[in-house]
Amino acid sequence: MKTTIAEVHKYVGQQVTIGAWLANKRSSGKIAFLQLRDGTGFIQGVVEKAEIGEEIFQNIKALTQESSLYVTGVIREDTRSPFGFEMGIQSVKLIHESTDYPITPKEHGTEFLMDHRHLWLRSKRQHAVMKVRNEIIRATYEFFNNNGFSKVDPPILTGSAPEGTTELFHTKYFEEDAYLSQSGQLYMEAAAMALGKVFSFGPTFRAEKSKTRRHLIEFWMIEPEMAFYEFEDNLKVQEEYVSFIVQSVLKNCSLELQTLGRDTSKLEQITAPFPRISYDDAITFLHEKGFDDIQWGDDFGAPHETAIAESFDKPVFITHYPTSLKPFYMQPAPDRDDVVLCADLIAPEGYGEIIGGSERIHDYELLESRLKEHELDPDAYKWYLQLRQYGSVPHSGFGLGLERTVAWISGVEHVRESIPFPRLLNRLYP
Ligand code: 4AD
Ligand code: MG
């Protein structure tokens, strides 16, 4: 019976064959332990000389790291391993012999590992991060499908700049100029007017010259947009969505979180509702904490966000930022014009902003004047303005950065480990 490691629990006491790679091994004179992986999981294979004979035992002992194999043996329960099963190996068929695999069990530097990302992905830790990422993606679709949202795919090649013009990736579109999408939001607003509650899930691009643990040049964003949702309604969707993905990972990735050494008690606390603090109060709080340099009107840096996040054990919404700090499309607060109806969601444990969102301006004249203030060409945004001409309604939405969320939930230090092939300031390879 041919099966996979993920399925071996169905075959306890039975003989099965698994296609696998040899991740690692150790052996003595009489017994060898093979760490096998097949993509679906990791399992230990045990080879006993007394059972299979000297010659086969020596052949197996000589197998090299990352050689591909068909391994046949009997599945046993193994209460000592977190996985819970092992294989008593009866025979091994070599498919392809791997020689001098570059990533040995010793420690390697980050740049070396990043140069070998195409192979590094095979490691147990990286495998675990990718499984957590996959679970977040799966849970995202489940959440939005269960809550009446339709998935809409905005274009990647665009002529407009939702988040400001400094970070755009320029390209030629035949004779015209075009940019790679930095956010699908504006298109999602049009989609919300057609379908009510929508979400997108796609790659976005920022030519940001930032080299931090939170910045990628290419990253994936989930962007929901809801017609008739006002500021508070928007926050509610966000806290329920983020709680849902955290609880889904806890439920479905317990082995991976264990591999990653993640403190799951911190994740168990992540349930809606989340605390809120206004930008004004955050400034006062920072002054009390001794951040004398920051003034009303300044944007928060990573140390500020971390200080605020540290005083809560859940993600925290920072709301009502100064209008001058935010993009042109945000709705002003009803009682004052100097702040907007927006919120950034700051993850705990120093992972920073994982969501940016707001209520959108739905008044035509106000939106047009904001475009002009931001020196954006109203002609390029004609279609966007038209959404305010034909049955304009209050509406809101947000964008969640997938990689920052994966990094936080997995507990990995840097976003470069939370995407299969990171695009960084100085990295386009592999
Ligand atoms: O705050 P941002 O720029 O918001 C928008 O783009 C809105 N148009 C979204 C919306 O309302 N539909 O980006 C949203 C999120 C951030 O909170 C962060 O998680 C992530 O995208 N993000 C990045 N992730 C990795 N690398 C970068 N360079 C990122 N820039 C933003
Ligand atoms: Mg933001």
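Start by selecting helix H7 (residues 231–252) and helix H14 (402–410) in this predicted model. Their axes come within 11 Å and cross at roughly 45°. Helices here are DSSP runs of H or I with at least four residues, strands are runs of E with at least two, and both are numbered from the N terminus. The axes are lines fitted to C-alpha atoms, for helices over the stretch in contact, and the angles run from 0 to 180 degrees between N-to-C directions. H7 and H14 are therefore oblique to each other; angles under 35 degrees count as roughly parallel, over 145 as roughly antiparallel, 65 to 115 as roughly perpendicular, and the rest as oblique.

Which way does H7 pass H14, left-handed or right-handed? The crossing is right-handed, a term used if the near helix is turned clockwise from the far one by less than a right angle, with anticlockwise giving left-handed. Now show the side chains: Val 242, Ile 245, Val 246 and Val 249 of H7 meet Thr 405, Trp 408 and Ile 409 of H14, where contact means heavy atoms within 4.5 Å. By class, six residues of this contact are nonpolar, one is polar and none is charged. Ala, Val, Leu, Ile, Met, Phe, Trp, Tyr, Cys and Pro count as nonpolar, Asp, Glu, Lys and Arg as charged, and the others, Gly among them, as polar.

On the H5 side, select Val 129, Val 132, Arg 133, Ile 136 and Ile 137; their partners in H14 are Leu 402, Glu 403, Thr 405, Val 406, Ile 409 and Ser 410. This contact of H5 with H14 has seven nonpolar, two polar and two charged residues.

Next, look at H5 together with H7. Their axes come within 9 Å and cross at roughly 135°, so H5 and H7 are oblique to each other. This crossing is right-handed. Among the residues in contact are Phe 143 and Phe 144 of H5 and Tyr 241 and Phe 244 of H7. By class, ten residues of the contact of H5 with H7 are nonpolar, three polar and four charged.

On a 1 Å grid over the protein atoms alone, a cavity is a set of points where a 1.4 Å probe fits but cannot get out, while a pocket is an open set with protein on both sides within 12 Å along at least five of seven lines; lining residues have an atom within 4 Å of a point. Grid points are joined across faces, edges and corners, and a volume is the space filled by probe spheres set on the points.

Select Glu 163, Arg 206, Asp 344, Glu 353 and Arg 404, which lie nearest the centre of the second largest pocket. This pocket has a volume of about 1,000 Å³ and is lined by 42 residues. Strand E16 (352–359) gives the largest share of the lining, six residues. The lining has 17 nonpolar, eleven polar and 14 charged residues.

Arg 404 also lines the largest cavity, along with residues including Arg 213, Tyr 351 and His 414. About 40 Å³ of space lies in this cavity.

Local features need pLDDT of at least 70, side-chain atom pairs count only at pLDDT 80 or more, totals for chains, interfaces and linings use all residues, and side-chain values use heavy atoms, with hydrogens and water left out.

Conventions:
Residues are numbered from 1 along each chain as its sequence is written. Chains are lettered from A and ligands numbered from 1 in the order in which they are written.
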